[in-house]
Amino acid sequence: MKQYNLGIEATLEIIGGKWKALIICLLMSGVKRTSELQRNIHGISQKVLIQQLRELEKDGLVSRHVYQQMPPKVEYSLTEYGVTANKIVEVMCSWGKENIQMRQQRGEDIVLLEEMPPDH
């Protein structure tokens with residue numbers, strides 16, 4: 001029997017780490033192919049991305065659809081259960097933006113790229 005001391009342990013076991021919350025965040029906007037996810041997650045290798053997607057699939061958050069064609073085409077989407085993680089991811093995004101603003105106010109040279117105007 002698996003036991004947890006705090007509920008957050010169960011959450012972190014599923015969406016903790018460097019990449020899983022990013023993957024969930026990107027899948028919130030709809031179905032994505034592996035290459036789309038890799039392009040939008042800077043610094044992740046294809047091997048690690050696939051490993052993280054398999055873990056999210058095993059945990060019931062991500063659905064994988066393989067098209068029987070050549071070359072093979074695989075698409076990922078959030079399951080109904082995976083969409084429930086949106087609440088957590090939104091809070092993490094909000095906290096991150098506030099953290100960046102606070103650090104900027106303290107003089108740290110830091111920028112949030114998603115907030116930059118399109119002409120930059």
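I took two strands as paired if DSSP finds at least two bridges between them. Helices (H or I, at least four residues) and strands (E, at least two) are DSSP runs, numbered from the N terminus. The model is predicted, so I note that local features need pLDDT of at least 70 and side-chain atom pairs count only at pLDDT 80 or more, while totals for chains, interfaces and linings use all residues. Residues are numbered from 1 along each chain as its sequence is written, and side-chain values use heavy atoms, with hydrogens and water left out.

Entry one, the sheet. I found 3 strands in an open sheet, ordered E1-E3-E2, with antiparallel pairing. E1 (32-33) and E2 (62-67) are the edge strands; each has a single partner strand, so one side of each is left without a neighbour in the sheet.

Entry two, the helix. I looked up what packs on the sheet and found helix H2 (residues 20-27), which touches E1, E2 and E3 (contact means heavy atoms within 4.5 Å). The direction of H2 makes about 95° with that of E3; axes are lines fitted to C-alpha atoms, for helices over the stretch in contact, and angles run from 0 to 180 degrees between N-to-C directions.

I list 2 bridges between E1 and E3 (residues 73-78), which run antiparallel. Lys32 has Tyr76 of E3 as its bridge partner, and Arg33 stands opposite Glu75 in E3.

Arg64 has Tyr76 in E3 as its bridge partner. A hairpin of 5 residues joins E2 to E3.
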